Amino acid sequence: MGLGLSAGGGAHAHDDGGLCVDVVEMAATATRNTGWKVVTEMTKSKVARLPALQADAVGAEAEWTLDVRGADWLIVTYMQSYVGFGAIELSCVRGCECRPHSAPKEAFALINASEPTARFSEPQWTLLDLSKHSASCVVRAKSVSALKFKLMLLSLIRVRPPGVADADAGAAGESPAGEEERTRRDESLKCFGVGGGFAINGRVRTTAPWEALTAS
């Protein structure tokens with residue numbers, strides 16, 4: 001059984017069906033981990049940055065088993081910088097399907113944490129559409145670069161009211177999403193700058209000191 005939408009595994013669950021797995025929990029609940037470790041770096045002025053689950057080698061892999069029943073999206077938060085950061089492949093390998101929202105024909109999300117136009121390091125996110133929901137969805141992060149990659153958060157987001165069944169067209173006894181549900185999803189996606197919504201450069205809001213987020 002995976003980390004659940006209503007409880008489970010020490011994850012931060014919410015009554016609306018959301019689930020957030022932070023850095024420490026990602027490390028503790030990984031069902032497989034080869035080469036990922038919790039790292040807290042210091043700035044030049046000795047301020048601790050936000051902790052991250054970090055890979056530093058090609059082929060480093062971590063897997064989590066999540067209960068994604070009722071979830072619409074998997075959101076991966078990571079640290080992005082203008083130079084020196086690597087890339088990962090993120091995929092759902094068993095028990096469900098997830099595809100990058102920006103490239104739905106791709107079987108996995110290729111996430112590059114280096115962005116030459118960035119002015120400093122800051123958290124960013126990648127949004128994946130979930131389908132074929134199950135209680136045991138295996139999510140894998142695989143490093144494809146020798147440069148460091150910093151995972152900050154795994155989140156499951158659900159926009160339908162609690163108690164409403166999944167609307168997967170391929171699931172037994174269920175019907176395709178109705179107009180009301182599509183509207184809820186479209187409105188929710190605006191939070192992430194999708195479909196004309198406003199997001200400040202994809203930044204994740206935080207109460208931590210800004211110096212802990214940015215490169216010095």
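Which residue in β12 is the bridge partner of Leu90? The partner is Ala141. The model examined here is predicted: local features need pLDDT of at least 70, side-chain atom pairs count only at pLDDT 80 or more, and totals for chains, interfaces and linings use all residues. Residues are numbered from 1 along each chain as its sequence is written, and side-chain values use heavy atoms, with hydrogens and water left out.

The protein chain contains three helices and 13 strands. Both kinds of element are DSSP runs, numbered from the N terminus: helices are H or I with at least four residues, strands E with at least two. The chain has 216 residues, and 45% of them are buried. Buried means under 20% relative accessible area, exposed means over 50%, and partly exposed lies in between (1.4 Å probe, protein chains only). Contacts were also counted, a contact being heavy atoms within 4.5 Å. Among those between residues at least 6 apart in sequence, 78% join residues at least 24 apart. The accessible surface of the protein chain is about 10,700 Å². Carbon and sulfur atoms account for 55% of that surface. Areas come from the Shrake-Rupley method with a 1.4 Å probe; for residues, only the protein chains shown count as cover.

Five strands form an open sheet with antiparallel pairing, in the order β3-β6-β12-β8-β10. Two strands pair if DSSP finds at least two bridges between them. The edges are β3 (32–34) and β10 (109–112), each of which pairs on one side only. From one strand to the next, the twist averages 20°. Angles run from 0 to 180 degrees between N-to-C directions, with axes fitted as lines to C-alpha atoms.

Strand β8 (residues 87–94) runs antiparallel to β12 (residues 137–143), and six bridges join them.
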